[in-house]
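Here is a short note for someone opening this structure for the first time. Please read the points beside the structure.

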Amino acid sequence: MTLSEPAVEETPDALIQLMSPAATEDPYPIYARLRETAPVFPSRFGAYLVTRYADVEFVLKHSDLFPGARPEAMAEMFPQAVEHEAYDVLVSSLVGSNPPKHTRLRQLIGRGFTSRRVAALQMSMELWSDRLLAGVSDRLNDGETVDLHSTVSVPMPMHMISDLIGIPEPDRERLAEQVPEMMNVVDPAASPDAVRRADDAFRELGEYFDVLIEQRRRDPRDDLVSALVSARDDGDGRLDDAELRNLLFTLWSAGFETTATAIDNAVLLLLADQARGSWLDTEDGTRRFVEETLRYEPSVQVAPGLRFAAEPVVLGDALIPQGAQVRLLIGAANRDPAAYPDPDVFDPSRGGPMPLSFGAGIHYCLGAGLAKLEIGVLLTRLRMTMPGLTLAGPPLRRRTVPLRDFVSVPVKLAR
Ligand code: HEM
């Protein structure tokens, strides 16, 4: 199966190790061992785990050799889900689709989701940062411990995506609650009841988006839904309503936990060494701090796109058979010493290749610019308004794969 046999005899399987409490604390030693001994690891769970920077980048940039999931393969992987509406929408999402459909959708959405529109959100980022920080400052000033994760890191991206899309403020929290529900449809361990709730969540969101689309068609505003309603492709067709609705599902779900986790990580790295704060004195320093946070502790540790070899492909020193699934371990690639000297050191001054935190190639994250900008704005406001902020106890991480996210980040003001 491989040109040189990798060290696969380890028990438990690397994927199980990555789901262990030890990996939740620190997955990086596991990644290092995989990179050194089995950089293309055939997991017993039916996927090759890829850990070296060069290999992960190669797969991301060769979507012809490693296209997204075929519907039959998906049906085999998620047998409990195929009958469900929620599943249909996930399978036909942007990250799950291949050219030419992907190219067309990406072109159309690109006309609305422009860097101008993201830059125009800067003022709203500042307002939301100040509002959310003000919401916790009294409690902090009274000596209380506050969970920064639930009070600031989670609501910030929710409001930014809502402002971008055009979702009115009173509706946001209710719609945000549907996101974890609908994601259950692709959890192989989800109960039949959880999968039914995923359908309900999709239905509720779908009905909401249909009404929003109709409203903006009648009465366009300066928001993404209005821009997408009028987006035309290179022929004379529009995005049809089902495609538009699916894009809204994707946007609404893709940027929440990912960005909240990145905010948590950035704050933790800042609080771990106050001298790092000087990076936030300039725009360039802030940009570097955010980039390095995302390299050093990428929110998304395993690329969400499912990829299958279109033909037998040699990757590193392994042969991936045709039809085999590959999973890309971004967290491992970003700490590859072959790409970054002293990869385990947090150093915003470092150069080197582009970290793979937002992917690369045709599925490169659509929200990367938005996420980086909002993390930078929030960090600088936090440093300005709460110079005495410190950790009040150990942060609690939820898991490492696929997302290395948090349950809580307790903070207080130093006295
Ligand atoms: C720090 C925050 C974020 C991280 C770490 C992140 C990470 C990623 C990664 C790794 C991919 C590539 C998936 C793959 O190739 O398998 C991706 C794709 C994507 N992301 Fe993000 N993301 C973030 C924020 C956002 C936000 C805020 C949005 C929406 C506003 C968003 C929307 C998307 C979409 C639509 C795709 C699919 C693009 C395509 O298939 O063409 N992401 N993201």
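**Notes on the chain**

1. Surface first. The chain exposes about 18400 Å² (Shrake-Rupley method, 1.4 Å probe). Carbon and sulfur atoms supply 55% of that area.

2. Basis. This is a predicted model, in which local features need pLDDT of at least 70 and side-chain atom pairs count only at pLDDT 80 or more, while totals for chains, interfaces and linings use all residues. Residues are numbered from 1 along each chain as its sequence is written, and side-chain values use heavy atoms, with hydrogens and water left out.

3. Fold. The chain has 20 helices and 11 strands (DSSP runs: H or I of at least four residues, E of at least two). Of its 415 residues, 52% count as buried (under 20% relative accessible area; exposed is over 50%, partly exposed in between; 1.4 Å probe, protein chains only).

4. Salt bridges. The count is 28 (a side-chain nitrogen of Lys or Arg within 4 Å of a carboxyl oxygen of Asp or Glu).

5. Helix H18. Arginine 295 and glutamate 292 form a salt bridge at 2.9 Å, N to O. They sit three residues apart in H18 (residues 283-296), about one turn of the helix. Arginine 295 is buried at 1% relative accessible area, and glutamate 292 is buried at 4%.

6. Arginine 217 is partly exposed at 34% relative accessibility. Glutamate 214 is partly exposed at 35%.

7. Arginine 399 bridges to aspartate 405 at 3.0 Å, N to O. Arginine 399 is partly exposed at 28%, whereas aspartate 405 is buried at 3%.
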